[in-house]
Amino acid sequence: MNAPLTIILTGALVAASCSLVGTFLVLRKMALLGDAISHAVLPGIVIAFLFTNSLASFPALVGASVVGIATVFLVEALHRSRRLYEDTSIGVVFPALFSLGVILVSVYAGQVHIDTDCVLYGEIGLSNLDEWIVGGKSLGPRSIWVTGGVMLFDLLFVLAFYKELKLVSFDPDLAASIGYSPMLVHYLLMTVVSITVVASFESVGSILVVAMLVVPPAAAYLLSAQLINMILIAIAIAVASSAAGYAFARSVDCSIAGAMAFSAGLFFLAAFFASPRNGLVARIVLRWRLRERLTRQLLLLHLKARVTVEEARTLQPEDLVVRFGWSRSRIDRAVRRLRANGLIESSGGRLWLTQAGKAALDREGTAVLAHR
Amino acid sequence: MGISYTLWNVLLGATLLGLVGGVLGSFALLRRQSLLADALAHAALPGVCLAFLLTGQKSPGLLLAGAAATGVLGALCVILIVRGSQLIKEDSAIGIVLSVFFAFGIVLITKIQRMPSGNQSGLDKYLFGQVATLVTEDLWVMCGIIAIVVTTVAVFFKELRLLCFDRAFGASLGFPMRGLEVLLTCLLVMVVVVGLQIVGVVLMVSTLVTPAAAARQWTDRLGSMILVSGVLGMFGAVTGVLLSSASDSLPPGPTIVLVSSFVLVLSILFAPRRGILWARLRERAVRLRIRRENLLKDLYTLGERSQSWTVLTPLHTLTAMRGQPARELRKNSRVLAAQGLAMLSGDEVRLTESGLQAAEKVVRKHRLWEVYLTRRLELPTDHVHRDAEAMEHALTDDAVEQLEERLGSPVLDPHGKPIPPRIRP
Amino acid sequence: MQSTASFLSGSKASIPPLEVHDLTVAYRTQPVLWDIDLSLPEGYLIAIVGPNGAGKSTLLKAVLGLLRPLTGSVKIYGAPYAQRRSWVGYVPQRESVDWDFPTSALDVVTMGLYGRIGWFRRPSQRHTDLAYQCLEKVGMHDFALRQISQLSGGQQQRVFLARALAQEARLYLMDEPFAGIDATTERAVLTVLQDLRKEGKTVVAVHHDLQTVAEYFDYVVLLNMRLVAAGPVGTTFTQENLQLTYGGRLTVLSQAAEALLAQRPGVKEAEMK
């Protein structure tokens, strides 16, 4: 397999599996627990490495996952003991464990070939050099096997527990009341997150892991209303980010993992501004339209409630400027629209409610504007 | 020869950082912004690189200005993402800013490292910090920042307390809460930026939050919490630096963090009042008292049938009453015996004279409470026993007397059993 | 001379403590208060009553300038809130703050004086004495130095009330002062409110318990996103108006009906447990 393909595939597999489990972290408002785990597993990795001399071995996975779970447990124990707030618990636990890892790396520098920088941004660029050799026969790059295996594992986990994960993410109380233990599902999810993080660690480093746990799912959250779509879109964004990141890193010669994470950020930015339903642009347009409708509603109510028949023909738009503090153009737009609908009439700069408008208002209240 | 000079610089720098970190960390902690501080630290990294790329210089002031700029931008992005999307929660927003800004920083750092110009290195010290590179100029910058932070906190202490505790009330009094928030965030950015050189991006959050979290355990006042937090921050810094200078393989940043974390663990376990250890001991004492009071009461109820309370009762009879194992009962009986309330002979136990008085007191509380529940709250008689089981251990002597008075000194409980009279001393 | 004096006193009496004109408030784009017009009389205990989501707290927050209204204006004694801050006391909902905050009851009450103390100055002994007096009024003198998390819910509510008393305002705005408290606190709060009325102060409180409206308050504002009715309890707190306020919500309606029935003695005590 050639180098670019191996690198992109490794990145894509890591990104996809992180996004898959990250979706549930984002939905459960636990994104930062994923962040904490990906920092805190370092001592577990180092210790496992000391024993097995390999990063991607089974004992390393187990060792580091145990530390990952311990992190979650510690954060929750501190929070539940009511001595610390939840965010504080996260903020004290993961730096402590990460520091422990860095010190272990430094103390056993002779035996552990982990560079502290590499912990952060990995060695994905070298992933095609390390081949998995069984019985003298090369089976291709090892990173593909490891990350592919994790992807498969995560996929199986989500398929097996889809219903439970969905329920616990959206309504933990309901889940508990009908017999699914949110605690159990929570710890299962955290175990899977830990395994995913650890397995991805060697190839891509912690930044890509953290980024892919949070950024594609968050972008997908803005683009879809359904869980299944959200997962699929998150994975698509994750894969696209790794390809784009690779191309970017090649063209400017920089960290590939960093570029992949950064690309994911750009995808998020795009979704944040341009999502058809939840994007900032769409929201601003919607807000404008609702504000305009509100202006018309208030104007109608005002005409109906406060203006007696005699007064009606003397009410001028300027009075409304004073009364509501609206701009003249805002009032003019509302008046134009309401006139077009036949609800009010104006003549010589004066406004009044038409008979039709009054009748409609009496009949439907302010809902009168819902379809006009 | 140069050792003492470097070590002095390192010690001074780390201590000053510990002090301001601890002070401002208290506010970050109380405003639930521990992790925003983390995002801010990560977001500062690309600023350092950009400043270097744009100017080609490595003057600390310039790099720090860059760090401050992107740090602020990162904090703004968190707010913008939460407000603008109305869907992404704060935790995700922090995660996004933290990882994407940091990734951008890594992109820039690796780019700079691979550039042909020779003076590339030195930027990666911002990842994990590198105290050894501190020069006197850096220390002066830090002193300036500390002066600003300490003065601001002292001058606006009252208003900052209002901001942290009850923002809406503060706003209703007319204090510009938004302005104070901006002020506090600016201070935080300044501290984070100077901290980057010492502990680095990744561990900066700990410098802020860990001493504050420990300080919170020792005191219930904001002012003293800030002071203690500053002192603990300094302590962690000094100890960490000294440990790391005594060893070849202990990097200072992580060592400082570990020392502070150790102090935090000790604080959570052993701080007076809030310490988990003391809480556990208090709970245990209460549990034991409840068991002993139950034993007293059971002995009393058994004696009630024969109207003689000081005959020996076999332990297995008591086991039958509450389902407690004999071993447990024997242990409790021994404690009662040691207090002179009971006598234990072999497998049989009996109340002493003072034990009987103590038992009457417990039974009195139980039965009076039953009367209260049935009479005043009109609960049916078969519903009151369990509640009274709990209240008999909780009611104070004063409360019982008041209760009796309010109930008009009843003689019988709702089940028709006599209520023991008050013991006149 | 005399005419000026009578004019002044006359005008003073005629300026309502709280006037709301054409007030529309929206969270994001969803209006929660529609076109409210309201003028409240001085010297009464006034309840704001309405179903959940009716905009009761929103009304208070808009009055205090904590929310920016879409339209309309608020006047306190004839002037915008910004000019009348020192005349207004505020009791937020108890749940709105973190009671684990490292501070004492006395500190919290002293916060009520911050507006008067002003920038840069620290509370003096005089201010501390004042805060103690306010704690005394709500029966919390002995708890002054307790950390606030060590107080019961009712005691916390009384601390909040004491803080508002420290503001020495003419108009008090209270968000659910009777929510989730014990019987002792309920009596203490009521006593404080009645004392305030005796001093000629005006109290506007969001209230959730229909059963006690008639007993505790003189004047009622019925709110359900719009103003349904406002007036003296005797004439305004009627079955018909409640029906308008609560719409088809049967449970609340039956509760309302109960509230209007003469209360059986003994029932209330049974419910306080």
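**Exercise 1. Describe the contact of chain B with chain C.**

Step 1. Count residues: the contact takes 34 from chain B and 37 from chain C. The model is a predicted one.

Step 2. Take the area. Chain B and chain C bury about 3,200 Å² between them. Carbon and sulfur atoms carry 61% of that. On the chain B side, B:Lys158, B:Phe165 and B:Phe169 lose the most area to chain C, together 24% of what that side buries.

Step 3. C:Asp100 forms a salt bridge with B:Arg274, with 3.7 Å between the closest N and O atoms. Residue pairs in polar contact number 12.

Step 4. Assign elements. Helices H6, H7, H8 and H11 of chain B each give two or more residues to the side that touches chain C. H7(B) gives the most, with 7 residues.

**Exercise 2. Locate the nonpolar surface patch on chain B, then classify B:Leu281.**

Step 1. List the members: B:Phe262, B:Val265, B:Leu266, B:Leu269, B:Phe270, B:Leu277, B:Trp278 and B:Leu281. Together they have about 690 Å² of accessible area.

Step 2. Helix H12 (252–270) and helix H13 (276–306) of chain B each supply two or more residues. H12(B) gives the most, with 5.

Step 3. Classify. B:Leu281 lies in helix H13 of chain B. Its relative accessibility is 47%, so B:Leu281 counts as partly exposed.

How values were computed: Residues are numbered from 1 along each chain as its sequence is written. Chains are lettered from A and ligands numbered from 1 in the order in which they are written. This is a predicted model: local features need pLDDT of at least 70, side-chain atom pairs count only at pLDDT 80 or more; totals for chains, interfaces and linings use all residues. Side-chain values use heavy atoms; hydrogens and water are left out. Patches are made of residues with over 30% relative accessible area and no salt bridge: like charges are joined within 9 Å, nonpolar side chains (Val, Leu, Ile, Met, Phe, Trp, Tyr) within 5 Å. Accessible areas come from the Shrake-Rupley method with a 1.4 Å probe; for residues, only the protein chains shown count as cover. A salt bridge is a side-chain nitrogen of Lys or Arg within 4 Å of a carboxyl oxygen of Asp or Glu. Helices (H or I, at least four residues) and strands (E, at least two) are DSSP runs, numbered from the N terminus. Buried means under 20% relative accessible area, exposed over 50%, partly exposed in between (1.4 Å probe, protein chains only). Contact means heavy atoms within 4.5 Å. Buried area is the accessible area (1.4 Å probe) that two parts lose on being put together, summed over both. A polar contact is a pair of N or O atoms within 3.5 Å; within protein, one must be able to donate a hydrogen and the other to accept it, and residues adjacent in sequence count only if both atoms are side-chain atoms.
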